[in-house]
Amino acid sequence: MTEQEKFMKAALKLARKAAEEGEVPVGCVVVCDGKIVGRGRNRRETKKTALGHAELEAIGKACRKLGGWRLHKCDLYVTLEPCPMCTGAIINARIRTVYYGAPDPKAGSCGTLVNLFELPYNHQPAVVGGLLEDECAGALRDFFRGLRERKKREKQERQRAQEPITEA
């Protein structure tokens, strides 16, 4: 197992924890000098905030641990391609390299819909997509399949509860 795979597996562990909490399974770690200095998982529903993205949580923790906002010696590993908000945070934190697992066809801003890292901002992180892609995509697929099945069951139960009772 490569060092990159090891860190993506740590992000996947956080993604699975998010799924257990009913959150979309996205996990993220920030790594400096071969050590994890920030961990985050999706918590938008739990914390009731649009800012509850795994990357923002991991970047915030890394900044606190390292004592500053410049993370230019750090790499970020995330299970799902970052959205525009998170790519902005990555640029502003000066993250060196972003490794992501699954591409995001709805909001991916590291190459799928757009690559914000190619714009002439003051910092342009390197990006590597597709790291443990099958495993990362599988966690998302399983989560959304389970969510659809649960909603279908709940709808059927509501419909049964509304059926009139007839006597034979």
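E5 sits in helix α1 (helices are DSSP runs of H or I of at least four residues, strands are E runs of at least two, both numbered from the N terminus). This is a predicted model, where local features need pLDDT of at least 70, side-chain atom pairs count only at pLDDT 80 or more, and totals for chains, interfaces and linings use all residues. Residues are numbered from 1 along each chain as its sequence is written, and side-chain values use heavy atoms, leaving out hydrogens and water.

- With a relative accessible area of 26%, E5 is partly exposed (buried is under 20%, exposed over 50%, partly exposed in between, with a 1.4 Å probe and protein chains only).
- From E5 to Y77 the C-alpha distance is 9.4 Å, although 72 residues separate them in sequence.

**Nonpolar core**
- Y77 is also among the residues with the most contacts inside the largest nonpolar core, which has 40 residues (buried Ala, Val, Leu, Ile, Met, Phe, Trp, Tyr and Cys joined through side-chain atoms within 4.5 Å).
- Elements giving two or more residues to this core include β1 (27–32), β3 (74–80) and α5 (133–162).
- Helix α1 gives the most to this core, with six residues.

**Positive patch**
- On the surface, K13, K35, R39, K61, R64 and K65 gather in a patch of positive charge (residues with over 30% relative accessible area and no salt bridge, like charges joined within 9 Å; a salt bridge puts a side-chain nitrogen of Lys or Arg within 4 Å of a carboxyl oxygen of Asp or Glu).
- Helix α3 gives the most to the positive patch, with three residues.
- K65 lies in helix α3, and K65 counts as exposed because its relative accessibility is 60%.

Technical notes
Patch = residues over 30% accessible without salt bridge, like charges linked within 9 Å, V, L, I, M, F, W, Y side chains within 5 Å. Areas by Shrake-Rupley, 256 points an atom, 1.4 Å probe, with all protein chains shown as cover. Lys, Arg positive; Asp, Glu negative; His and termini not counted. Charge placed at Lys NZ, Arg CZ, Asp CG, Glu CD.
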